[in-house]
Amino acid sequence: MSTTQSERLRELLEPLVSSQGLDLEEIEVDSVGRKRLLRVVVDSDTGADLDQIADVSRALSAKLDESDAMGEGEYTLEVGTPGAERLLTEHRHYVRATDRLVKFQLAEGGELVARILKVDDDGVDTEIPGVKGRKPTARRLAFDDIVRARVQVEFSRKDNKKEEEA
């Protein structure tokens, strides 16, 4: 998708998404044979449920139909939320990933897998899980020290809240 088309679509759709209480995270146009696929990724601090996704999808579809932003050819609109292993690129993404396990690529080289405990304007406080009976360790990461960060899927994590209530 050209930068111009991407910018036009963002300018057209972002106010509509915001009015629904969501953030416009990503816009992508792909060609699928003769058709095009417009993917719109939305999110919020509390996530987005299926009803919100359906509402914003209908609103975006109506707005796109009344504009010429997608041109005359056929296209399919797909609206969704970020995947489970989302890439963290904005401050709000780090905030939303609090208490999640994240794989960090560090500017100094190497990788670190740690849980985000707290986020502020300068960086993140993390906890590196203990291995083989060792206690977890704390580490502060400045945003300047992070090249890339991606949320990790955890299948066997114990729910700390349930443990504390028991």
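These legends go with several close-up views of one predicted model.

Here are the ground rules. Because this is a prediction, local features need pLDDT of at least 70 and side-chain atom pairs count only at pLDDT 80 or more, while totals for chains, interfaces and linings use all residues. Residues are numbered from 1 along each chain as its sequence is written, and side-chain values use heavy atoms, with hydrogens and water left out.

View 1. Helices (H or I, at least four residues) and strands (E, at least two) are DSSP runs, numbered from the N terminus. Read from that end, the order is α-β-β-α-β-α-β-β-β-β-β-α. The chain has a radius of gyration of 19 Å, well over the 15 Å that the globule rule gives for 166 residues, so it is more spread out than a compact globule. (That radius is taken over C-alpha atoms, and the rule is 2.2 Å times the number of residues to the power 0.38.) The C-alpha trace spans about 60 × 40 × 30 Å along its principal axes. Of the 166 residues, 29% count as buried; buried means under 20% relative accessible area, exposed over 50%, and partly exposed in between (1.4 Å probe, protein chains only).

**View 2. The largest nonpolar core, with 17 residues.** A nonpolar core here is a set of buried Ala, Val, Leu, Ile, Met, Phe, Trp, Tyr and Cys residues joined through side-chain atoms within 4.5 Å. Look for Leu9, Leu38, Val40 and Val42, which touch the most other members. At least two residues of this core come from each of α1 (3-19), β1 (23-32), β2 (35-43) and α2 (50-66). Helix α2 gives the largest share, four residues. A second, separate core has 15 residues, among them Val102, Ala114, Leu141 and Ala149.

**View 3. Histidine 93, a buried residue in helix α3.** Helix α3 covers residues 91-96. Histidine 93 has 3% relative accessibility, so it counts as buried. Setting aside neighbours within four places in sequence, histidine 93 is in contact (heavy atoms within 4.5 Å) with Glu25, Arg86, Leu87 and Leu88.

**View 4. Glutamate 111, in strand β5.** This strand takes in residues 111-119. Glutamate 111 is partly exposed, at 49% relative accessibility. Not counting residues up to four places away in sequence, glutamate 111 touches Lys103, Phe104 and Gln105. For a sense of the fold around here, pick out isoleucine 146: it sits 35 residues from glutamate 111 along the chain, with 9.6 Å between the two C-alpha atoms.

**View 5. Aspartate 99 and its positive phi.** Aspartate 99 is not a glycine, yet its phi is about 75°. You'll find aspartate 99 in the loop between α3 and β4 (101-106). Its relative accessible area is 35%, so it is partly exposed.

**View 6. Lysine 132, another residue with a positive phi.** Here phi is about 55°, again in a residue that is not a glycine. Lysine 132 is in the loop between β6 (123-128) and β7 (137-142). With 83% relative accessibility, lysine 132 counts as exposed.
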